[in-house]
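Please look through the sequence and the 3D structure below, and keep both in view while you read. The paragraphs that follow go from single residues to the whole chain.

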Amino acid sequence: MASNAAVPFWRAAGMTYISYSNICANLVRNCLKEPHKAEALTREKVHFSLSKWADGKPQKPVLRSDTPEV
């Protein structure tokens, strides 16, 4: 039988590691002083493209730029 003693606290709280690391990253960015805080917040932005596939071929990609919600 597996013991719950070895379970990380973020897993025990019902979180994924990605959500835990995002919360930690936001806390660190918010603790920085200016101008480092503004620079870190600009690096927080995420850029990606989405392509739908039809008949085995990709369609025209759509560029997205999202920022994580706090």
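A residue is called buried when its relative accessible area is under 20%, exposed when that value is over 50%, and partly exposed in between. Val62, with a relative accessible area of 47%, is therefore partly exposed. The model in which these values were computed is a predicted one, and Val62 has its place there in strand β4. Once residues up to four places away in sequence are left out of the count, Val62 touches Phe48, Ser49 and Leu50. A further distance concerns Lys52, whose C-alpha lies 8.9 Å from the C-alpha of Val62, while the two residues are 10 residues apart in sequence.

The protein has 3 helices and 4 strands, and if you follow the chain from the N terminus, the elements come in the order α-α-α-β-β-β-β. Of its 70 residues, 7% count as buried. If we take the contacts with a separation of 6 or more, residues 24 or more positions apart account for 8% of them.

How confident is the predictor in the residues of this model? The mean pLDDT of the protein is 79, and 84% of the residues reach 70 or more. Confidence is highest in strand β2, which covers residues 53–54 and has a mean of 88, and lowest in strand β4, residues 62–66, where the mean is 72.

Let us now go to the helices and their aromatic rings. There are 2 aromatic pairs in the protein. In one of them, the rings of Phe9 and Tyr20 have their centres 5.4 Å apart and their planes at 85 degrees, and because planes over 60 degrees apart count as edge-to-face, this pair is edge-to-face. Phe9 counts as exposed, at 59% relative accessibility, whereas Tyr20 is partly exposed, with a relative accessible area of 22%.

The other aromatic pair is formed by Tyr17 and Tyr20, and it is tilted, with 5.9 Å from centre to centre and 50 degrees between the planes. Tyr17 and Tyr20 are separated by about one helical turn, because they are 3 residues apart in helix α2. Tyr17 has a relative accessible area of 47%, so this residue is partly exposed. Taken together, Phe9, Tyr17 and Tyr20 form one aromatic cluster.

Further along helix α2, which covers residues 17–31, we come to Arg29. Is Arg29 buried or exposed? Its relative accessible area is 18%, so Arg29 is buried. The side chain of Arg29 is joined to that of Asn26 by a polar contact of 2.8 Å. If we leave aside the neighbours within four places in sequence, Arg29 is in contact with Lys37, Ala40, Leu41 and Glu44.

Two cysteines can be considered next. Cys24 is partly exposed, with a relative accessible area of 27%, and Cys31 is exposed, with a value of 63%. In general, a disulfide is a covalent bond between the sulfur atoms of two cysteines. How many disulfides does the protein have? The count comes to 0.

Finally, two places in the backbone deserve a look. Pro35 is found in the loop between α2 and α3, the latter covering residues 36–43, and the peptide bond that leads from Glu34 to Pro35 is cis, with omega near 5 degrees. Asp55 has its place in another kind of setting, the loop between β2 and β3, where β3 covers residues 57–58. The phi angle of Asp55 is near 55 degrees, which is a positive value in a residue other than glycine. At 82% relative accessibility, Asp55 counts as exposed.

Methods
Residues are numbered from 1 along each chain as its sequence is written. This is a predicted model: local features need pLDDT of at least 70, side-chain atom pairs count only at pLDDT 80 or more; totals for chains, interfaces and linings use all residues. Side-chain values use heavy atoms; hydrogens and water are left out. Buried means under 20% relative accessible area, exposed over 50%, partly exposed in between (1.4 Å probe, protein chains only). A polar contact is a pair of N or O atoms within 3.5 Å; within protein, one must be able to donate a hydrogen and the other to accept it, and residues adjacent in sequence count only if both atoms are side-chain atoms. Contact means heavy atoms within 4.5 Å. Rings of Phe, Tyr and Trp (its six-membered ring) pair if their centres lie within 6.5 Å; planes under 30 degrees apart count as stacked, over 60 as edge-to-face and the rest as tilted. pLDDT is the predictor's confidence in each residue, from 0 to 100. A disulfide is a pair of cysteine sulfur atoms within 2.5 Å.
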